[in-house]
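Visitor: Let's see the model first. Then I'd like to go through how some of its parts pack.

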Amino acid sequence: ARYAVGDDYHDLLRSRLNGLADWLSEQVPGSASRGVVDSAPLAERDFGWLAGLGWIGKNTMLISPQAGSLFFLSALLTTVELPADTPLEVDHCGSCTACLEACPTDAFPEPRVLDATKCIATLTIEDRGPVPANLREGMGTWIFGCDVCQDVCPWNRHAPVVDEPALQPREGDATLPLADLLTLDAAAFRKRFHGSPLLRAKRHGLARSAAIALGNAPDPAAAAALATALADPEPVVRGAAAWAVGRWIRKNVHVAWAREQLARRLEVEDDAAVLAELRDATGSQRS
């Protein structure tokens, strides 16, 4: 997702909230305040609507007339009595259904209802186990989050461009070589993504998603890395790699190599779930 290319927004917003809390305590002696960024049981989106920041779109995002949906939400809890704002009683989505139609995994059963079990953001960030087979193709090359329902939203066409240095792409690169993600060990993963939102997915979660992405978009230059992933210490990565190699066969990419890799791994694999993936991948040779 777009926000993940820079530093962790939690750290950036928390620092600024703490500064705001300090200022408020100076203005109102004896008051207490606490800044929270996804760290308290608050429905930030709903509070944002109540505060008049925007309306809830059909993609369940809070949409601002000025900023679209491409912004962060955080909160300052305080004992200071403040005047209440009023909700924005509008629905500027109208008859548009672009977000519902564009979702690659059909995660919206109806407008303003999200099936999180199908959401690519959930699958790639929160869920770190095997991805259901029927959702893998829909993941495309997303490996951490997803922006599809926001990318197609007309309200984001003129969203302001952020100039905050901490949110710019690290090392100037907004993409990550998938092969690199398959060959990082735990220590290298922590070092490379220190201070990045990508740490949340854990090494095995990110590697699993990278393998699935390579299954959807085969890259012959990543063949060696995919072969390495077939022997990864984590079964979930090995299973995803097996699926990906099977997809290469179906897409007629490095077929002889792919068959050899699957056969080699079948001889030594001892995890039942990974064995099932390997057998399914091997069976794809006949499909």
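This is a predicted model: local features need pLDDT of at least 70, side-chain atom pairs count only at pLDDT 80 or more; totals for chains, interfaces and linings use all residues.

Visitor: How are α11 and α12 oriented, parallel or antiparallel?

Guide: α11 covers residues 235-250, and its axis comes within 8 Å of the α12 axis, crossing at roughly 150°. Because of that angle, the pair lands in the class (under 35 degrees roughly parallel, over 145 roughly antiparallel) called roughly antiparallel.

Visitor: What is the class make-up of the contact between α11 and α12?

Guide: On the α11 side it takes in R238, A242, V245, G246, W248 and I249, and on the α12 side V255, W257, A258, R259, L262 and R265 (contact being heavy atoms within 4.5 Å). Sorted by class (Ala, Val, Leu, Ile, Met, Phe, Trp, Tyr, Cys and Pro are nonpolar, Asp, Glu, Lys and Arg charged, the others, Gly among them, polar), those residues are eight nonpolar, one polar and three charged.

Visitor: How far apart are the axes of α12 and α13?

Guide: α12 runs over residues 255-268 and α13 over 272-283, and they pack at about 150° (axes being lines fitted to C-alpha atoms over the stretch in contact, angles 0 to 180 degrees between N-to-C directions). That angle makes α12 roughly antiparallel to α13. The crossing is left-handed, and the axes are separated by 10 Å.

Visitor: Which residues of α13 meet α12?

Guide: From α12, the partners are L262, R265 and L266. The contact of α12 with α13 counts five nonpolar, one polar and two charged residues. On the α13 side, they are L275, L278, R279, A281 and T282.

Visitor: And α11 with α13, which residues of α13 touch α11?

Guide: These two axes come within 8 Å and cross at roughly 5°, so α11 and α13 are roughly parallel to each other. α11 brings P235, R238, G239, A242, W243 and G246. By class, the contact holds six nonpolar, two polar and two charged residues. The α13 contributors are V274, E277, L278 and A281.

Methods:
Residues are numbered from 1 along each chain as its sequence is written. Side-chain values use heavy atoms; hydrogens and water are left out. Helices (H or I, at least four residues) and strands (E, at least two) are DSSP runs, numbered from the N terminus. Angles under 35 degrees count as roughly parallel, over 145 as roughly antiparallel, 65 to 115 as roughly perpendicular and the rest as oblique. A crossing is left-handed if the near helix is turned anticlockwise from the far one by less than a right angle, and right-handed if clockwise.
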